[in-house]
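This report concerns the overall fold and the charged side-chain pairs of the structure shown below.

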Amino acid sequence: MNRNDLGPMAVDRRDFLKFTGGGIAVFVTLKDHDLFKEALEQQRGYPSDFNAYLRIGEDGRVTVLSGKIEMGQGVETSLAQEAAEELRVPLGSIDMVMGDTDVCVWDAGTWGSLTTRVFGPALRRAAAEAHSVLLDLAAERLHVPRARLKAENGVVTVVGGQGRVTYGELAKGQKIQRTVRGKVEPRDVKDFTVMGTSPKRFDRIDKVTGKAKYAGDIRVPGMLRARLLRPPAHGATLKSVDTKAAEAVPGVVVVNQDGLVAVLHEDRDTADRALGMIRANWDTPQSTVDDTNIWSHFLQVAPTGRTAHEAGSLDAGARASTKVFEHTYYDGYVAHAPMEPHTSLAHAEGDHITVWSSTQSPFGDQRRIAGTLRIDESKVRVITPYVGGGFGGKSAGQQALEAARLSWITKKPVQVMWTREEEFFYDTFHAAALMKVRSGIDAAGKVQLWDYNVYMAGTRGSEVLYDVPNVSVVSHSSRDAHFFATGPWRAPGANDNTLARECQMDIMAAAAGMDPLEFRLKNATDPRLRSVLEAVAKLSDWKAGAAPTGRGYGIACGLDAESYVAHVAKVAVDKASGEVKVEGMWCAQEMGIVVNPEGATMQMEGCITQGLGYPLMEHIRFRGGDILDKNFNTYRIPRFSDLPEIHTVLVKNDGLAPKGGGEPAIVCIGAVIANAIFDACGSRVFTMPFTPEEVLAGISKPTGA
Amino acid sequence: MRATIHFRLNGRDTTLETDGNRRLLWVLRSDLGLTGPKFGCGITQCGACTVLVNGNPVRSCQYPASDIEGTEVTTIEGLAKGDELHPLQEEFADRGAFQCGYCTSGMILEAYSLLQRNPHPTRSQIVSGMNRNLCRCGAHKRIVEAIEAAAARL
Ligand code: FES
Ligand code: FES
């Protein structure tokens, strides 16, 4: 069964009582486990009560309940693999229910590549516990000692003897609720039969036939489609509004309450037309800050900063260095631009409300909706159908609040589906950033000094990674520095910190006259880092030589979500125009135990392809709160013609629990392309996206050292 | 301006009473209850809303409903023959040529029409034929491979 077959209202509150009533339900709390300590720090607010993780029904089917959501990353399938592995059931007997606040485990949100790192281990323990309960029941039923029993494919049999019983038979008539105390250990990697394989994705047929349901595909009889009045720029205030003409359109409902001005109609075209009839006057603040001078604005408003990493002393580092390099790297604002715009359908009925939402944080939406409507959270149910891409951008839930308010006011089911222009306007952009580095090497080519200040990107990915004795990493961040919303964007900030570190390493390697791979290995003892560098060198058939060789190969490495990555890029630079074409990308990733190698590979490919955008073509143009790029006609994202050949390899490390895979492979793309450009033509680029002008300027005036 | 529009939708005779100025995308999604054609940009720039009109791919987000009078409209829902998926659908599914899946209906229909015009495209013909369809998840590599595999079977 696909979870979409549950239909909009199939599992209501009463059904859920039944739902956990029969069979065997397994509850987990994370807080008792040391195992989850670190994870919990990253998942603040995890409730300390027990949550139902899975249930074995009287029909033998297993329902896995997860507050995580499926937005393309494939966790619907990989989480089912983890449960199937521990339970010893066929993958096909698992039903996933995800992102439904009425029935699923509370969860802060699907981001930070935490699903596999935090939810996965808890789910495996719940499943291992269920397996143990089933063996107990079978021992009783078959009158044999538990030690003689073996479970496989949802059936318990007696080893070397007679008797068998299915999970369904064992669960029948039971009302067992078990709580995981961490006594039962999950299976060892050498025994895996389902984890570590690449079964076909659960969503594949629905997604190629148009049957897969996203928030915009949910229909409730009588629903209205809403369009909202939007300001011309962030910071603008509404002076006056005249909705008379819109009100005259047959079937149009106009809402004008507490700053919320909207037109609603049963068809979207008419709502669009009615919105165009509203006359509004705005006070719009003017600003001289735009996408070309935002960085000097940052330096003016930036707070003093917070030290993230520190070692030795900068003075000692400077004294030990024979060459010192100072550079500043820049990045602009970048949009998430998921193909599915933010969409929600809210249905208020009596004192409660149901909201189907395109969200990475159903429980966050629930909390905000309850707060806004001033009702108890138990009166708000958020259901998350498939999400059409998120990348961090579907975490704020603004559209869910809008739909909820409109439904609450009109007492009708209301769909809010943002236009692409609204999507660009209200996107929580990847923040623009700048990174200042002062670094030094000694005569032997060892890095002695790393003096780093990052503005607005935060500290993710700012670890030095290499063996540098004298380090200072200081982060200066302030949300007030921006004229519009910013937020997490696939590996937030790590793209910027990795750009600065890996470009700086290349500059130092070139100054030392060393091959950039050799230079990195000389300065790295971390075995995981070395393993991905060596693997990508092998995969790409890396030819040693001090850059620039004229061949157009670059290398970079990084750490994100506890996974290590290294990339090699091959670019062609047109020396007359400065145009850059990425021809090849090689990527090695080490992510501990790999739950689903094919799924992990798809994420790496997705990171690489999407990742071509931020260094080469994507940035939001704006003036103050006025967003100038509002659709794909001017905001260019990677397309088929940008696609290089892509080669990937997963570096085996079964000694480590599974680590994140949705984001790591995007963090190096800026750096690896910059380094490949340098190798191709001797031009160092510092400002993302790298423009042909910057590339050309660097050819005529090398800035390497 | 209400009009009566007669056309064939996924092989079925269909009659529609509506304002002919409305966009085909919203008519298909609201009035006819389909979910395959998606809204992505509204200005013919992304391809998520792609459907076939008389076999040609059109961006339904900007296509006036009145223009489908007398035509044959095919959406992703109409591509399979009963339970039997079209080879493109099979190859997309088996090769993981999607992630979030939001661009997939449009991708498959665009590829379908590409293969109708050119049953054995080279890789660069696939790239230029598909270049106006956007995918934010970065499934491009596998989409190209799925189209090649489907072409080899057709
Ligand atoms: S929605 Fe029609 S092309 Fe984007
Ligand atoms: S698969 Fe998500 S947009 Fe293409």
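## Salt bridges and overall fold

Both Asp217(A) and Lys38(B) are buried. In this predicted model, the side chains of these two residues form a salt bridge, with N and O 2.6 Å apart. The pair crosses between chains: Asp217(A) lies in the loop between helix H6 (204-209) and strand E9 (224-228) of chain A, and Lys38(B) in the loop between helix H1 (24-31) and strand E3 (50-53) of chain B.

A further salt bridge joins Arg22(B) to Asp267(A). This pair also crosses between chains, from the loop between strand E2 (12-19) and H1 of chain B to the loop between strand E12 (260-265) and helix H8 (268-275) of chain A. Arg22(B) is buried because its relative accessible area, 5%, is under 20%.

Within chain A, Glu663(A) pairs with Arg460(A), and the two residues are 203 positions apart. Glu663(A) is buried at 8% relative accessible area, whereas Arg460(A) is partly exposed at 25%.

| Salt bridge | Closest N to O distance |
|---|---|
| Arg22(B) and Asp267(A) | 3.8 Å |
| Glu663(A) and Arg460(A) | 2.9 Å |

Over all chains, the structure holds 55 salt bridges.

Chain A contains 20 helices and 29 strands. Its radius of gyration is 27 Å, which agrees with the value near 27 Å for a compact globule of 705 residues. Buried residues make up 63% of chain A. The chain carries 80 positive and 86 negative side chains, and the centres of the two sets lie 3 Å apart.

Methods: Residues numbered from 1 in each chain as written. Chains lettered and ligands numbered in written order. Predicted model: local features only at pLDDT ≥ 70, side-chain atom pairs only at ≥ 80, totals over all residues. Heavy atoms only, no water. Helix = DSSP H or I, 4+ residues; strand = E, 2+ residues; numbered from the N terminus. Rg over C-alpha atoms; globule rule 2.2 N^0.38 Å. Buried < 20%, exposed > 50% of the residue type's maximum accessible area, 1.4 Å probe, protein only. Lys, Arg positive; Asp, Glu negative; His and termini not counted. Charge placed at Lys NZ, Arg CZ, Asp CG, Glu CD. Salt bridge = Lys/Arg side-chain N within 4 Å of Asp/Glu carboxyl O.
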